[in-house]
Amino acid sequence: MSMSETRKRFPVITGWGCRSALGRTPESTLRVLSGQAPAPEPQLPKRLRTTLTLPVFELPDEELPPGPGGRENGLLRATLVEALAAAGLEAAALRGQRVGVAVGTTGKVQFHDFEFCARLRRGEQPDAASLRDFVDGSPAECLQRELGVCGPALTISTACASGADALGVAAGWLLAGSCELAIAAGVDVLSPVALAGFHALGVCSATPCRPFDARRSGLNLGEGVGVLILESPARAAKRGRGDGLFLAGYGKSFDGYHLTRPAPEGRYLEQAIQQALAGAGLTPGEIALVNAHGTGTRLNDAVEAKTLYRVFGVGVRYHSTKGLSGHTLGAAGALEALFCGLMLQSGIAASSRGFEEPDPELPVSPLRHPTALEGRFVLSLSIGFGGSNSALILGRDQ
């Protein structure tokens, strides 16, 4: 099958919306990515009740649409409205249609009402309102009910690859004909559970993170939401939106090496990359940029850099955007796919913020400065606990 014939199958990205430390809109986000606006600095958390003095990337306060599911679902609702508007769609017009909804998250599948749990342990009977809200607020199913759509719905929790997998699952629905339009998203907010957990693992940095730098000492947590509207090429073309960006490939693997550490040789990460390349009908040389997972932890960055060298060679151009946004956990894969789309549209690749001193143990170093992006395809990687590896390839029409 020729590339032009294969291209007709790829899901088209017709709209998006985002909220992260970089900005509340794709436009403000691009200004930071391209170096035209100052990048945010991580600060000590303001919302969390914690004694830990670890800097994080928090979202500013804003009034969010009401409904079940807490702040995460409020961010999803607000960002979905903007993504649909960017796609030229209205929520009311989707009612009754076969629309898929896939949402990746980590925190939203955890019940965080500490007072409820404490009272239960004491043998008391706490009010079940927060428990009902947790069950009713499952993100994908909640959005499906509120939109009144009848396509597939799935809340995905594959650790820090959740947002990327939401895009991969949504694309699979479109390719299988399960729907002609899909909403793919990733969302997570800062929580004391996540902050304490990553601190207990010894992977949080007390200073701004430095992905791939010789002095890297860990990650900064962040929060955010990314929503992308995917459509079948036929539906998008009917609406006059068949040209632009598309999801060209997706690869997934699980190495099962360790609960929290990646397999040291990166073999299964490479497998996910090769799956994505094969699905897109591409060679490694056709990838113009790799958006690495790049958390700033010692082991993850070493495994990833060595894998990229093995697949793409010494000339690989790659970066990490987590020095700009923090590690947004389940939102990261969706947000960073959106970042990649913005960079493809603008023709500018963001620098790997925090990187200054090359690590002699790494065979290749990331981009130091915003750089012209020449080429049509960008690969975005997400790596999660339990050996969850995801690779997405975004493409741009000529």
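Modeller: Buried means under 20% relative accessible area, exposed over 50% and partly exposed in between, with a 1.4 Å probe and protein chains only. Phe246 counts as buried, because its relative accessibility is 0%. Phe377 is buried too, at 3%. The model is predicted: local features need pLDDT of at least 70, side-chain atom pairs count only at pLDDT 80 or more, and totals for chains, interfaces and linings use all residues. Residues are numbered from 1 along each chain as its sequence is written, and side-chain values use heavy atoms, without hydrogens and water.

Now the rings. Four aromatic pairs occur in the structure. Rings of Phe, Tyr and Trp (its six-membered ring) pair if their centres lie within 6.5 Å; planes under 30 degrees apart are stacked, over 60 edge-to-face, the rest tilted. Phe246 and Phe377 are edge-to-face, because their planes stand at 80 degrees, with ring centres 6.1 Å apart. Phe246 sits in strand β6 (residues 245-254) and Phe377 in strand β11 (residues 377-384), so this pair ties together parts 131 residues apart in sequence. Strands (E, at least two residues) and helices (H or I, at least four) are DSSP runs, numbered from the N terminus. Phe10 joins Phe246 and Phe377 in a cluster linked by ring pairs.

Next, the helices. Axes are lines fitted to C-alpha atoms, for helices over the stretch in contact, and angles run from 0 to 180 degrees between N-to-C directions. Helix α3 (residues 70-86) packs on helix α7 (residues 139-147) at about 50 degrees, axes 11 Å apart. The two are therefore oblique (under 35 degrees is roughly parallel, over 145 roughly antiparallel, 65 to 115 roughly perpendicular, the rest oblique). Their crossing is right-handed, meaning the near helix is turned clockwise from the far one by less than a right angle; anticlockwise is left-handed. From α3, Asn73, Leu76, Arg77 and Leu80 meet Pro139, Cys142, Leu143, Glu146 and Leu147 of α7 (contact: heavy atoms within 4.5 Å). Six of these residues are nonpolar, one is polar and two are charged. Ala, Val, Leu, Ile, Met, Phe, Trp, Tyr, Cys and Pro count as nonpolar, Asp, Glu, Lys and Arg as charged, the others, Gly among them, as polar.

Helix α11 (residues 267-280) packs on helix α12 (residues 298-312) at about 45 degrees, axes 10 Å apart. That makes α11 oblique to α12. This crossing is right-handed. Among the contact residues are Ile273 of α11 and Phe312 of α12. The contact of α11 with α12 holds five nonpolar, two polar and four charged residues.
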